[in-house]
Amino acid sequence: MAPVVARLVSESKPYLVPGKLLVKELWFEVPLDHSDLNSKPIKLFARSAIKYERPIVEPAEVVQRPFLLYLQGGPGGGCPAPQDSPLSTYMLERGYELLLLDQRGTGLSTTVSANTLELIGSPQEQADYLKLFRADTLVKDSEAVRLCLTKDYPPEKKKWSIFGQSFGGMMSLTYLSFAPEGLRESFITGGLAALDKGPEEVYQATYKRCIERNNDYYKKFPGDVATVKWIAEKIRELGGEKGIPLPAGGFLTVQRLMTIGLNFGAHGGVDRVHSYITRIKADLDNFGMLSRYTLHELENDNQWDTAPIYTLLHEPCWCPGPGIAGKWAAERVGAGLDEYQWLRKDWQGPASLGDKPLYFSGEMIYPFHFETCSELIKLKETADILARFDEWKPLYDMKQLAKNEVPVYAASYHDMYVDPDLARVTASRVKGIKVFETNVLYHNAVRSHPEEVIPQLLKLRDDSID
């Protein structure tokens, strides 16, 4: 079957933003199911950006620059505006045209939320719909857009470069597996995920990293060992079994409080968690309850309610192919660890830990998210259907990666989300890849410390290795 070519629905007039960026907004249309051209079309949104230099004489012809497609992390996050992307600073001066394409279901691209999923139908129909939102379909969307944008380009400019962060890096590996003919080169940051391991094996590795970061946290703030357990007891006392009501309709339970440990994987995350604990303790000391501000901050700590794809498809994005289902692997693996007794049904509470600390979770999704997050409560049945589905299409082609001819430049970190040991194995399976590895940067370094990451990738691209 010939690849789908996206339909360009509209293209805005270019406009300038500070930083000498010339930006366009584009809307595309692609089929919901690329294997069924008669399936309902969906819309994709993108912004393109080039470096604007005011010429002395306007050129008579339109300049066709090579595209650099940014693949956003997540899954479930929309792309930043060009002026908020570090790629604009480092890549446009090299002659690229940056394309920030919101993946389907994210940003402005046929956004997925509880109320938009209601329009799809029953929980089973919603789950069937969301099965078409994994990386294999996102790559097909990207190829459709590439074929649309470059239809009038000369052959040497039809390929494009991709830059994948986190989940976007996983998507890059899918792209290299199934559509390498569309790629000139690939940059990957924090996304060298395991190619042949399911969620359970992945979590066995990432829980170890998460425990290490918890130990780092309590070493820096030893007083929080007692404070966190005291707060947990107060939450149980004030909220009962259901939890303390949150402003938007969710509930703060001990389990949900523990999810703020997701911050540990990013630069500044340890201090951010300590700030939360300090604020919560201050509220309880002063008022015996939590203020609206504190509850609001905790409720919005992560995009649980505003980017539901992150939770709905998180374990499925770790299922590399048929025969593997998530089945709430994070809960199963965690409940077997002494550090995560709070995941067990028979947990007796913080007092049962004695002098041991209460460990925060990391990048893990649990069934209780769909009982404590206001938007996700409505999607509990849909999530359970997806968790038990095991007929996923393959995400990677190991044979293709082993004979890869597309230049790949990757950054791998001391990463709580994408285990560095597993990342090394993945790198060894991609022919020709060059990797910059460091233990002094964390997962979000391309955003928080771009000056330490992007130039290193460009050195891998431009320089030779003896």
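**Backbone exceptions, aromatic contacts and cavities**

S166 is placed in the loop between β7 (160-165) and α6 (167-178), where helices (H or I, at least four residues) and strands (E, at least two) are DSSP runs numbered from the N terminus. The model is predicted, so local features need pLDDT of at least 70 and side-chain atom pairs count only at pLDDT 80 or more, while totals for chains, interfaces and linings use all residues. Residues are numbered from 1 along each chain as its sequence is written, and side-chain values use heavy atoms, with hydrogens and water left out.

Most residues other than glycine have a negative phi, and most peptide bonds are trans. S166, although not a glycine, has a positive phi of about 60°. S166 counts as buried, at 11% relative accessibility; buried means under 20% relative accessible area, exposed over 50%, and partly exposed in between (1.4 Å probe, protein chains only). A positive phi of about 60° is also found at K20, which is not a glycine. K20 belongs to the loop between β2 (15-17) and β3 (21-31) and is partly exposed, with a relative accessible area of 43%. The peptide bond from G74 to P75 is cis, with omega near 0°. P75 is part of the loop between β5 (67-71) and α1 (86-91).

Both G74 and P75 line the largest cavity, as do S166, F167, M170, H314, C317, W318, E363, Y417 and V418. A cavity is a set of points, on a 1 Å grid over the protein atoms alone, where a 1.4 Å probe fits but cannot get out; lining residues have an atom within 4 Å of a point. The largest cavity holds about 70 Å³ of space, the volume being the space filled by probe spheres set on the points, which are joined across faces, edges and corners. Its lining has seven nonpolar, three polar and one charged residues. In this classification Ala, Val, Leu, Ile, Met, Phe, Trp, Tyr, Cys and Pro count as nonpolar, Asp, Glu, Lys and Arg as charged, and the others, Gly among them, as polar. In the whole structure, nine cavities of 30 Å³ or more are found.

The aromatic pairs number 23, with rings of Phe, Tyr and Trp (its six-membered ring) paired if their centres lie within 6.5 Å; planes under 30 degrees apart count as stacked, over 60 as edge-to-face and the rest as tilted. Y340 and W342 form an edge-to-face pair, 5.9 Å centre to centre with 65° between the planes. Y340 is buried at 0% relative accessibility, and W342 is buried at 2%.

Definitions and conventions: On a 1 Å grid over the protein atoms alone, a cavity is a set of points where a 1.4 Å probe fits but cannot get out, and a pocket is an open set with protein on both sides within 12 Å along at least five of seven lines; lining residues have an atom within 4 Å of a point.
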